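Reader: I would like to learn how to read a structure like this one. Could you take me through some of its features?

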Amino acid sequence: MELIKKYPKLFQWLFLLIVFFALCFAIDVPETYKFIRGQAEFVKDPNQSSFVFLGKEVRYYAFDVFWRLPPLLGWLPIWINDSLFFLMNEWMPIEFWNEDTQEFRTRPLVLQISRNLTAFMTFLIELIREILLGGLETIVAFTSWDWIDKNPWAELPGLPWTIVAAGSAILAYKLSGKGLALFAGLVMVYISIFGQWKPSMQTLSFILVAAPLSFIFGLGLGIAAFKSKRVEKALYPILLVMQTMPQYAVLVPALVLFGVGDHAAVIITMVVAVPPMILLTILGLRAIPPEVIEAGRMSGCNNWQLMFKVLIPTARRDILIGVNQVIMVCFSMAVISAFIGAKGLGFNLLLALNQLNIGLALEAGLCISLIAILLDKMSLAWANKQTDYFGNLTFFQRNKNILFFAATVIIGIILAYVGTFLFKGSYNYLFEVPHNKGISTADFWNKGVDWIFDTFFVYIKAFNTWLIQDVLQPMRALYLRMPAVATIVLVVGAGYLIGGIRSALVVCGLTLFIAFSPWWDRALVTAYMATFGVIVSCIIGFTVGTLCFQNKHSASFMLGVCDIFQTFPSFVYLIPVMMLFGITDTSVLIAVIVYATIPATRYTIEGLRSVPIGLHDAATMSGVNKFQRLTKIEFPLAFPHMMLGLNQTIVFALFMVIIGAFIGTEDLGQYILKALSDKKGAGIGFTLGICVAFIGLIFDNLIRTWVEKRKKHLGIN
Amino acid sequence: MSEPVIKCEAVYKIFGENAKKMLQDSNGNVDAKTFQENGCIVGVNNASFEVSKGEMLVVMGLSGSGKSTLLRCISRLTDATGGKIFIEGQDLLQLNNKELIELRRNKMGMVFQSFALLPHKTVVENIAFPLQIKGIKTEDSISKAMDMVKLVGLDGRENYFPRELSGGQQQRVGIARSLAVEPDIWFLDEPFSALDPLIRKEMQDEFLRLQDKLQKTIMFITHDFDEALKLADRIAIMKDGIIEQLDTPANIVLNPATEYVRKFTEEVPREKVLLIGDVMDPSTNDNLGDLKVLKDEIIENVAEKILTQEKSVAVIDNNNKIVGSINPTKIINTVFGGRKNNN
């Protein structure tokens with residue numbers, strides 16, 4: 001009794017666990033239960049039951065409700081699908097003037113809007129692509145008599161790679177300095193020499209369209225949310241879900257609405273890239289000291305002047321950090337969008353992975369990573385750059401970068417012209433190195449992979465077998481063995497103990513959504529893979545973070561490494577693991593672990609760093625040794641921040657598990673991948689995405705609530 | 001006397017959801033406690049006063065006393081919950097948005113505690129900002145702003161960014177910016193509180209120099225009583241949103257209206273605040289010494305001279321006319337005797 005009074009929380013948790021395990025043991029596995037429960041869309045099985053909702057038949061395997069809840073939401077994907085089709089093909093037919101046939105045609109409104117939007121996006125992408133790669137048909141369309149027909153004679157060469165390379169080096173120099181300029185130049189030269197120029201420019205043109213549009217929309221919505229509470233409240237849940245929704249899952253509905261290709265990819269990229277921009281805009285505007293706003297008002301600004309002359313310039317840095325985020329999201333989407341037919345590096349990577357040509361994949365992956373780092377560093381440098389006074393500079397000093405660029409354009413053109421004589425009859429390497437005509441190290445890497453396989457096959461296989469048989473499969477079985485009711489009790493109980501009734505209700509709602517969907521088993525598999533990844537990542541991340549923190553230089557070094565790794569699109573991580581472990585669950589899990597270790601490490605170092613210096617001094621003066629300081633002072637104070645790291649780790653792990661479906665897993669991701677090639681997959685893909693997002697949000701809610709309470713308790717904000 | 005520049009009549013500012021209704025129900029008798037129980041916080045409670053042209057009113061109070069809120073009501077950065085505010089006879093609360101912007105562009109200037117400079121503009125651009133907002137051409141606004149730069153003594157630094165300036169210099173920019181449109185009314189919200197004591201004193205002197213030259217109508221907020229005494233024509237002391245006393249510095253020191261005001265005045269070095277005229281004996285007798293002192297002289301400056309006299313000293317006004325006398329013992333009592341003699 002004494003003990004219970006002393007540690008009430010501990011006993012509440014114990015009680016919760018006892019209830020959970022009691023439920024687990026009390027509820028038997030039904031005899032008819034097989035893994036892979038009924039999916040609404042599959043062939044009817046004699047064991048299936050069905051119900052009709054809104055005229056749709058939903059099939060499912062009937063089990064004891066304590067074991068698995070019936071898929072009451074099984075109609076949702078079908079319904080979403082039908083609504084989408086209805087919207088696209090039947091809703092609001094309106095007459096549109098058709099330019100080609102010179103007559104009115106009846107078309108559904110949404111279809112027409114979607115087609116126009118698509119055409120517009122295609123035009124933008126083509127325009128930029130042709131500037132970079134040649135063939136200025138799009139621009140010349142402006143000069144054509146009806147603005148649509150392209151003049152066939154108008155075929156201009158694109159920019160020679162030398163000019164683009166020098167241009168990016170000059171831009172990098174202006175933004176940051178010599179180091180970045182050198183890096184930018186080298187990256188461009190690398191891309192060109194290795195024959196990745198064309199796909200790289202295709203990807204780049206994709207970003208050049210998607211990023212500015214996302215920026216404008218994000219900024220606009222962010223301002224609207226800042227000005228009106230109502231808009232903010234309406235946006236908030238969407239932002240929350242989008243943060244934990246795997247990018248992969250958003251692709252599916254895009255297919256239905258916009259079809260296959262770059263344009264669809266751009267539009268869907270905007271859907272993903274806008275939320276972080278909104279968040280950072282709101283954050284930046286909120287961080288403006290109220291006195292600056294008052295100063296603006298007292299200077300007689302009207303609302304418009306206040307926003308554009310005072311607020312936005314003051315929040316410049318946060319907004320530009322938003323731009324950085326937008327660019328990075330666009331880039332990673334540019335890679336993933338290969339699944340819906342976007343051209344560029346992602347497409348090459350996907351192709352190479354499909355052919356199991358690890359060497360080619362590695363080259364494309366390296367290229368992607370280098371561009372990612374370059375884009376990240378450049379946009380960050382832009383954000384951190386402070387305006388300088390230039391009124392007292394001469395014309396040359398003020399415009400030297402533009403002048404330099406003009407000079408390089410001329411030199412580049414001359415070089416390209418010289419090239420036509422140098423490489424007569426073959427490719428003009430000074431103009432553009434064609435795809436696959438550059439240096440390729442693919443063979444070398446492929447041989448390397450073969451060698452690794454030949455030499456270490458036995459060990460890798462042994463490790464693989466051990467991991468799968470002795471660790472993963474038992475763990476998976478345990479997860480699947482949990483009766484639905486027990487899981488819900490555990491999660492809701494945890495919610496209640498951490499955040500009270502409110503948290504419990506939120507968590508309960510999220511869990512029930514997944515439980516009522518037809519994919520509970522799959523969600524459990526996703527959860528098991530993510531859990532495994534998160535546990536290992538946290539152990540590694542916390543250890544590495546703590547060790548690196550012992551020394552100032554190693555800590556900054558580690559943070560830098562995390563920065564770089566974080567910029568890689570998640571897809572790239574699959575390459576090395578496939579190289580080593582082939583196509584197994586082990587590969588996916590290792591990719592998950594590598595990817596999810598980044599936030600775990602970063603937040604550990606940041607958390608430990610945020611411990612105030614005053615406390616360090618106080619501890620030192622109390623005579624603690626290093627170990628005591630770590631356990632008694634630093635860990636307790638850094639723990640809330642480390643838990644936020646855990647939160648990020650979970651989100652990262654979930655993303656990777658879902659993308660791992662590409663290698664072949666049996667979880668929600670597999671169905672998302674399936675939905676991508678299914679004509680009626682939109683509803684399923686979307687619902688699956690929401691399921692994954694909700695798994696993330698359950699943990700997000702629990703961890704955030706706990707952290708906030710803990711921080712309040714410790715008096716840190 | 002001409003019309004007051006600022007006139008407040010029973011101004012209330014109450015924060016909270018149904019503040020307006022509660023204020024109406026209370027009939028002007030606002031009790032902070034009952035309001036707080038209902039989720040409302042009283043910022044300004046029944047403030048009525050006038051500020052006439054060229055006068056400097058210093059509003060003094062501890063943090064949370066409502067002094068900044070009062071200032072924001074008068075500049076209408078927040079809307080007062082009840083009462084009336086007149087700026088040169090114009091009813092401030094009746095102005096629409098456009099008129100309000102017009103008023104701010106031409107009549108009002110404000111200086112902030114945290115300087116509130118725009119980080120992306122240089123010194124001269126910051127100062128020219130209100131002019132450009134008004135729609136004045138860039139060239140004209142910059143040349144006008146350069147005059148202001150000279151006025152506050154920042155010439156040579158006009159192309160610096162705020163991040164490159166010290167706190168005192170930044171506040172000079174803030175002052176110059178607020179003066180750029182040549183406002184009639186000048187609001188200063190704890191302008192020197194964020195500065196070091198030495199810089200603060202320097203800035204106070206600078207401020208007095210400027211005011212001597214410009215003769216604006218000023219509302220000055222501070223939590224520093226010494227600063228208030230040094231600068232003010234009149235002081236309003238606020239506590240919990242209520243103006244406890246509004247009077248000249250001398251009267252506040254000599255006749256504190258409430259116990260709260262008395263506490264403030266206890267530690268004040270009287271000889272630095274009071275004038276000879278405040279403590280002199282208005283009756284004159286013939287038994288006076290040769291020394292004559294001006295009525296408007298601060299005691300500290302002449303105390304030594306008076307104390308060396310044996311007889312009472314004649315007090316004269318600016319026209320060299322004897323208006324009263326003062327006895328050396330009176331000086332000693334004033335400086336060292338504390339309240340006993342004065343109350």
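Reader: Over which residues of chain A does pLDDT stay under 50?

Author: Start with the idea: pLDDT is the predictor's confidence in each residue, from 0 to 100. Here pLDDT stays under 50 over residues 38-42 of chain A. Where pLDDT is low, the predicted coordinates should not be read in detail. For chain A the mean pLDDT is 82, with 89% of residues at 70 or more. This is a predicted model, in which local features need pLDDT of at least 70 and side-chain atom pairs count only at pLDDT 80 or more, while totals for chains, interfaces and linings use all residues. Residues are numbered from 1 along each chain as its sequence is written, and chains are lettered from A and ligands numbered from 1 in the order in which they are written.

Reader: Is B:Val253 buried or exposed?

Author: A residue is buried if 20 or more other C-beta atoms, placed from the backbone, lie within 10 Å of its own, exposed if 12 or fewer, and partly exposed in between. B:Val253 is buried because 27 other C-beta atoms lie within 10 Å. In chain A, 43% of the 717 residues count as buried.

Reader: Which residues does B:Val253 touch, leaving out those up to four places away in sequence?

Author: Contact means C-beta atoms, placed from the backbone, within 7 Å. By that rule B:Val253 touches B:Thr265, B:Val268, B:Arg270, B:Val273 and B:Leu274.

Reader: How many residues of chain A are in contact with chain B?

Author: 20 residues of chain A are in contact with 20 residues of chain B.

Definitions and conventions. Two residues are in contact if their C-beta atoms, placed from the backbone, lie within 7 Å.
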